Amino acid sequence: MPDTAQFHDRMLSLGLARVSEAAAIACADHIGRGDEKAADQAAVNAMRNQLNMLDIKGTVVIGEGERDEAPMLYIGEEVGAGQGPEVDIALDPLEGTTLTALDMPNALTVIAMGPRGSMLHAPDVYMEKLAIGPGYRRGVVTLDMTPSERVSALATARGCSTKDITVCVLDRPRHEQMIEEIRSTGAAIRLITDGDVAGIMHCADAQKTGVDMYMGSGGAPEGVLAAAALKCMGGQIFAKLLFRNDDEKGRAKKAGITNFDRVYTRDDLVTKDVIFAATGVTDGSLLPGIKREPGYVTAETVLMRSKTGSVRHMSYRNPTSAI
């Protein structure tokens with residue numbers, strides 16, 4: 001195989017950062033304007049245009065939805081210049097459309113790239129997720145445990161009280177009973193209204209974010225993206241697909257999934273080394289958001305490679321005349 005057809009993550013990483021940055025900068029005019037669809041469309045257009053400048057033969061495996069639901073960056077869409085390595089791409093052009101429209105914290109543009117066959121082709125269904133940061137033995141917490149048992153087990157592993165544990169949970173009615181049980185242990189809860197990729201990433205940098213664990217159900221595609229981030233940052237994630245009807249099981253079968261009860265680990269969701277980039281759209285505990293000043297827009301990006309474990313923070317100051 002020619003050398004140019006191999007997945008050189010180091011050479012591709014800066015290009016991936018540019019993809020994430022372009023999507024975030026495209027959202028600048030939509031922050032706080034109340035129009036979720038316009039913000040998302042701006043991010044999608046910019047991300048797709050920038051992806052098509054890369055020398056890759058890319059396939060979107062985690063995207064905006066099925067082809068009939070998303071006009072661009074749909075699952076199965078081919079992106080890139082059509083030359084170079086064959087790669088899988090998982091993306092969320094704007095994780096936190098509501099957060100952006102309302103100028104609330106932690107909206108991000110997110111993208112991961114790996115060799116062909118490196119990421120689970122997760123159907124657009126719900127997924128139960130449990131995540132913790134690096135430094136713990138494998139299985140210190142599991143999906144088989146109750147929420148209170150998970151908190152107690154993590155506190156024991158940390159050598160602290162359950163009152164010193166903070167759990168991130170998506171604020172949804174389906175989580176009310178779980179939230180009540182977590183609080184019964186004395187643990188604190190960080191409720192988020194949107195953006196569970198960022199919520200899970202918080203666990204991998206607990207000293208900065210104050211979040212020790214994530215639990216609850218959310219979108220399966222976001223679970224794969226979060227696993228790609230943890231592949232680079234360190235940490236554990238356990239996940240199980242949740243099906244509400246036969247149609248959703250049919251989607252899973254179409255994606256090649258036959259074991260509907262399987263519990264996936266981080267390395268099941270992302271099987272090979274990947275690169276990952278995220279850019280802040282609104283201010284958050286992971287990244288600052290887009291900043292405007294006369295004549296310029298500044299974006300902050302985190303760029304990570306799982307092969308080396310490197311985490312690079314980048315500031316990109318761009319003249320508005322070039323946007």
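Is Leu73 buried or exposed? Leu73 is buried, at a relative accessible area of 0%. Here "buried" means under 20% relative accessible area, "exposed" means over 50%, and "partly exposed" is in between (1.4 Å probe, protein chains only).

Before going on, a word on the model. It is a predicted one, where local features need pLDDT of at least 70 and side-chain atom pairs count only at pLDDT 80 or more, while totals for chains, interfaces and linings use all residues. Residues are numbered from 1 along each chain as its sequence is written, and side-chain values use heavy atoms, with hydrogens and water left out.

## Two residues with positive phi

Most residues other than glycine have a negative phi. Leu73 has a phi near 55°, a positive value in a residue other than glycine. Leu73 belongs to the loop between E1 and E2. Helices (H or I, at least four residues) and strands (E, at least two) are DSSP runs, numbered from the N terminus. Asn106 is another case, with phi near 75°. Look for Asn106 in the loop between helix H3 (97-101) and strand E4 (108-115). Asn106 is buried too, with a relative accessible area of 18%.

## The pocket

Rolling a probe the size of a water molecule over the atoms shows where empty space is left. In this model, the largest pocket has a volume of about 670 Å³. A pocket here is an open set of points on a 1 Å grid over the protein atoms alone, where a 1.4 Å probe fits, with protein on both sides within 12 Å along at least five of seven lines; lining residues have an atom within 4 Å of a point. The volume is the space filled by probe spheres set on the points, and the points are joined across faces, edges and corners.

What lines the largest pocket? There are 27 lining residues, and Asp92, Asp124, Asp194, Gly219 and Glu222 lie nearest the centre. Strand E3 (86-95), strand E8 (213-219) and helix H8 (220-233) are the elements that give two or more residues to the lining. E3 supplies the largest share, four residues. By type, the lining splits into nine nonpolar, seven polar and eleven charged residues.

Domain 1 (9-119 + 274-319) and domain 2 (126-269) each give at least three residues to the lining of the largest pocket. Those domain bounds come from an automatic or database domain assignment.

## E8 and its sheet

E8 also has a place in a sheet. Six strands form an open sheet with mixed pairing, in the order E7-E6-E8-E5-E9-E10. Strand E7 (188-192) and strand E10 (264-265) stand at the edges with a single partner strand each, so one side of each has no neighbour in the sheet. Strands of a sheet pair through backbone hydrogen bonds, either parallel or antiparallel. Two strands count as paired if DSSP finds at least two bridges between them.

E8 pairs with strand E5 (residues 126-132) in the antiparallel sense over seven bridges. Met127 stands opposite Gly218 of E8, and Tyr126 has Gly219 as its bridge partner. With strand E6 (residues 166-170), E8 pairs in the parallel sense over two bridges; there, Cys168 has Tyr214 as its bridge partner. E8 is mostly covered, with seven of its seven residues buried.

## Salt bridges

The whole structure has 16 salt bridges, each a side-chain nitrogen of Lys or Arg within 4 Å of a carboxyl oxygen of Asp or Glu. Three of them are listed here.

| Lys or Arg | Asp or Glu | N to O distance |
|---|---|---|
| Arg305 | Asp9 | 3.0 Å |
| Arg48 | Glu77 | 2.5 Å |
| Lys291 | Asp283 | 2.6 Å |

Arg305 and Asp9 meet in a salt bridge that links distant parts of the chain: Arg305 is in strand E13 (residues 296-305), Asp9 is in helix H1 (residues 9-26), and they are 296 residues apart. Both Arg305 and Asp9 are buried.

Arg48 sits in helix H2 (residues 36-51) and Glu77 in the loop between strand E1 (57-62) and strand E2 (78-79), so this pair ties together parts 29 residues apart in sequence. Arg48 is partly exposed at 24% relative accessible area, whereas Glu77 is buried at 2%.

Lys291 is partly exposed at 38% relative accessibility, and Asp283 is partly exposed at 44%. Salt bridges that share partners also join Asp9, Arg305 and Lys307 into one network.

Definitions and conventions
Ala, Val, Leu, Ile, Met, Phe, Trp, Tyr, Cys and Pro count as nonpolar, Asp, Glu, Lys and Arg as charged, and the others, Gly among them, as polar.
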